[in-house]
Amino acid sequence: MNPTMTRSRRSLLSAAGLVAFVLLWELALRSGLLPGSLVPLPSSIPQVFWYELIDGIWLDVVRSSLVHYSVGLLLGSSLGITVGVAAALLPRFDALHAWLARLLRPIPPLAWIPFAIIWFGINPSAAAFIISIGVFWINYFASYSAVHSIDPSFDEVAQAFGQRRFLSRLTKVNLPAAAPGILGGLRAGLGQGWMTVVAAELFGIPGIGQRMMEASSLLATDIVVVYMLTIAGLYALFDFLFMLIQRRLLRWQP
Amino acid sequence: MTIAMTTSVTTSITPPSVTTARANSTGPVLNARDLSLGFGHTTVLAGVELALYPREFVAVVGASGVGKSTLLRALAGLLAPQTGEVDIPAGKEDGTRAWSMVFQASRLFPWRRVRANVELGLEGLGLSRAERRERAMQPLTLVGLDAYADRWPHTLSGGQQQRVGIARALAVRPRVLFMDEPFASLDAITRRRLQQELIALRQRTEAAIVFVTHDIEEAVLLADRVMILGNQEAGQPARVVETLSVNLPLDERRDLPDFAPLVQRVEAIIGNH
């Protein structure tokens, strides 16, 4: 990045790039360079979005997806942080589960779909379960390495000032010192979870993913694009809100 | 027998004549016998004896790597000795700790504001939030940083951070205060200023101080006794080669004619070992 470029100038250029992309897309379709069966006209998207909205479909599927997402996120994050912190603090537990973690870790969340269906059926729990798996591993590794890399001199300070019990050290040293790393993991999980939502719904659980499959089977590419943009917009919103929380919690950082 | 404090009287700023009258301040506040330290089968330091009395200031000097900081940690009980034992009789007073420590880098918790850092040692002593707050503000005022109580540590200068480190250690009203090269990482001017402040502070605290430093002038400037560690024979663990008493008044000690010769003497002893 050019360091002399001002922030507003940079934003202006970014906006120009986006507009140019959409214009080129529109032009390519109108001139016949791109067949209309492959991608929809950008200018048709707002109207399609409006129809989805007044039919109540948009709100319905977004609401369902948000339920899957938030349950999966909550479950995956809290378990991931708990197990990650525990593994970093308790050497025996660390050793006990090390190989198990190494074995399970490379399995992609979507590979769990068969079990999700067998265990939960085709219902929201199955989607939440699949979402939670990816989120779990991100938070697990972020918390583990965050706690592992805490400056040990903080522990000595805690000891020197009578904070020797496990729980005191956990709440007064380990968690606050690891907070930047743990919050970084949470934020990454926020994105990863949202990306899994669509995939987890593809096999028939009502939500954005299922609606997109429906639309694509009717070759309604404009509806597909509406939901692609919905996903992007909602993610941007969550990420922004989380960044505000993160900044507030880490305001002690220089 | 001990005299319990009935009110939250500020011991740290009571005149010495009152504090020394306490019944439990007559015996040693720290007693180390035949201490040897090391790692695995290697012994780095052996045969340390130290009895420390209230308000006494002992400086520990010696070449780098001789085990000064290790000794300090063993005296504090942060490290287990290979042989011997350390006894720091617990203060019977409520809301105090037997000892506390000032570290080389101030080691404040960056995620706590200044006052919360000073409160660290007061947590778990059964004090109310208001009591903790008050007890933290006293030493902060003593080091001149009461106006910084709500600041984050990273907004303070190195010297200010170290003052907070000292306030944190004083807040628990320790009977023994361990200081591990507390001024080593500061610039010369700040170091001098904090040395003067520490001399003044000694009038206001009854804590005995064990002070590790590699700066011999600093040791002679501040201490009542200078304990010199050194190796008598190569390959043998270090020992206390000599303990010198500094019988000079604390005020303007640096300007006294006996000051420089004493510094040279300590330097010579270290040089010979």
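Modeller: Two strands pair if DSSP finds at least two bridges between them. Please keep in mind that this is a predicted model.

Colleague: Understood. In what order do the strands of the open sheet in chain B lie?

Modeller: The order is β2-β1-β4 in chain B, three strands with antiparallel pairing. The edge strands, each pairing on one side only, are β2 (42–52) and β4 (83–87) of chain B. From one strand to the next, the twist averages 25°.

Colleague: How many bridges join β1 to β4 in chain B?

Modeller: Four bridges join β1 (residues 30–39) of chain B to β4(B). As for individual residues, N31(B) has D87(B) in β4(B) as its bridge partner.

Colleague: Which helix lies across those strands?

Modeller: That is α2(B), which lies across β1, β2 and β4 of chain B and runs at about 125° to β1(B).

Colleague: Let us turn to the contact between the chains. How many residues does each chain give?

Modeller: Chain A gives 14 residues and chain B gives 16 residues. On the side of chain A, the elements giving two or more residues are α7 (152–160) and α8 (166–201). The largest share, six residues, comes from α7(A). That side of chain A divides into eight nonpolar, five polar and one charged.

Colleague: Which residues of α7(A) are buried?

Modeller: F154(A), V157(A), A158(A) and A160(A) are buried. Seen down the axis of α7(A), they fall within an arc of 165°, so they line one face of the helix.

Colleague: What do they pack against?

Modeller: The buried residues of α7(A) pack against α8 of chain A, together with α2 (68–76) and β5 (99–102) of chain B.

Key
Residues numbered from 1 in each chain as written. Chains lettered and ligands numbered in written order. Predicted model: local features only at pLDDT ≥ 70, side-chain atom pairs only at ≥ 80, totals over all residues. Contact = placed C-beta atoms within 7 Å. Nonpolar A, V, L, I, M, F, W, Y, C, P; charged D, E, K, R; others polar. Buried ≥ 20, exposed ≤ 12 C-beta atoms within 10 Å, placed from the backbone. Arc of directions from axis to C-beta. Axes fitted to C-alpha atoms, helices over the stretch in contact; angles between N-to-C directions.
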